[in-house]
Amino acid sequence: MAATEKMTNMPWITWLDLDTEFGPDGSLQVILRRPKPEHLNHNNHVNAPVIYGVAEVAGAGAVVIAAGSDGQGAYTVIRDATIKYSRPAHGGVTAAAKLDPVSAERMREELRAGRGYDATVQVTLTDAENTPTGTCDFTVTLRAPRNRDESR
């Protein structure tokens, strides 16, 4: 799918040096395996904004994957997010997400009808030792592409 190919080549993702793993069930893991010095804070833990960035890629990516071909050309944006850190991330961070099947089907129906959808997705966070480090809840907004004549 073109959207996931673009996802892995975005400059932000390249700078973070992320790996992505797509599950056959529509799940997505986004992994910071090789933290750079600029990814770490003064305590040598993965810095909070970097963790948020990894989580955002996973949350939005899971929604785009769930949209499938019905999301082709849709505008995707994070409407809001809440992150809860439970402990520092050591050595890297993995963000895992999957949109639940009921929401995924509803989103595809709305996109096929030419309407948008606000998808809520939870991202779980673990560090390099697979220790839970937090969660992030996102509302990811997908809007159907606008007709060129409407945008004038």
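Me: Into which class does tryptophan 15 fall, buried, partly exposed or exposed?

Reply: The model is a predicted one, in which local features need pLDDT of at least 70 and side-chain atom pairs count only at pLDDT 80 or more, while totals for chains, interfaces and linings use all residues. Residues are numbered from 1 along each chain as its sequence is written, and side-chain values use heavy atoms, with hydrogens and water left out. Buried means under 20% relative accessible area, exposed over 50% and partly exposed in between (1.4 Å probe, protein chains only). Tryptophan 15 has a relative accessibility of 35%, and therefore its class is partly exposed.

Me: Which helix holds both tryptophan 12 and tryptophan 15?

Reply: Helices (H or I, at least four residues) and strands (E, at least two) are DSSP runs, numbered from the N terminus. The two tryptophans are three residues apart, about one turn of the helix. The helix that holds them spans residues 11-16 and is α2.

Me: How are the rings of tryptophan 12 and tryptophan 15 arranged, stacked or tilted?

Reply: Rings of Phe, Tyr and Trp (its six-membered ring) pair if their centres lie within 6.5 Å; planes under 30 degrees apart count as stacked, over 60 as edge-to-face and the rest as tilted. The structure holds two aromatic pairs. In the pair of tryptophan 12 and tryptophan 15, the centres are 5.8 Å apart and the planes lie at 20 degrees, so the arrangement is stacked.

Me: What accessible area does the nonpolar patch of Met10, Trp12 and Trp15 have?

Reply: Patches consist of residues with over 30% relative accessible area and no salt bridge; like charges are joined within 9 Å, and nonpolar side chains (Val, Leu, Ile, Met, Phe, Trp, Tyr) within 5 Å. Tryptophan 12 is partly exposed at 35% relative accessible area. Accessible areas come from the Shrake-Rupley method with a 1.4 Å probe, and for residues only the protein chains shown count as cover. On the surface, the three residues of this patch together have about 280 Å².

Me: Which residue forms a salt bridge with aspartate 19?

Reply: A salt bridge is a side-chain nitrogen of Lys or Arg within 4 Å of a carboxyl oxygen of Asp or Glu, and the structure holds 13 of them. In the bridge of aspartate 19, the N to O distance is 2.8 Å, and the partner is arginine 33. This pair links distant parts of the chain, 14 residues apart: aspartate 19 is in strand β1 (residues 19-22), and the partner is in the loop between β2 (28-32) and α3.

Me: How many residues apart in sequence are the parts tied together by arginine 112 and aspartate 70?

Reply: The side chains of arginine 112 and aspartate 70 meet in a salt bridge of 2.8 Å, N to O. Arginine 112 lies in helix α4 (residues 101-112) and aspartate 70 in the loop between α3 and β3 (75-85), so the separation of the parts in sequence is 42 residues.

Me: What is the relative accessible area of glutamate 110, which forms a salt bridge with arginine 106?

Reply: The closest N and O atoms of glutamate 110 and arginine 106 are 3.1 Å apart. Being four residues apart in helix α4, the two are separated by about one helical turn. Arginine 106 is partly exposed at 43%, whereas glutamate 110 is buried, with a relative accessible area of 11%.
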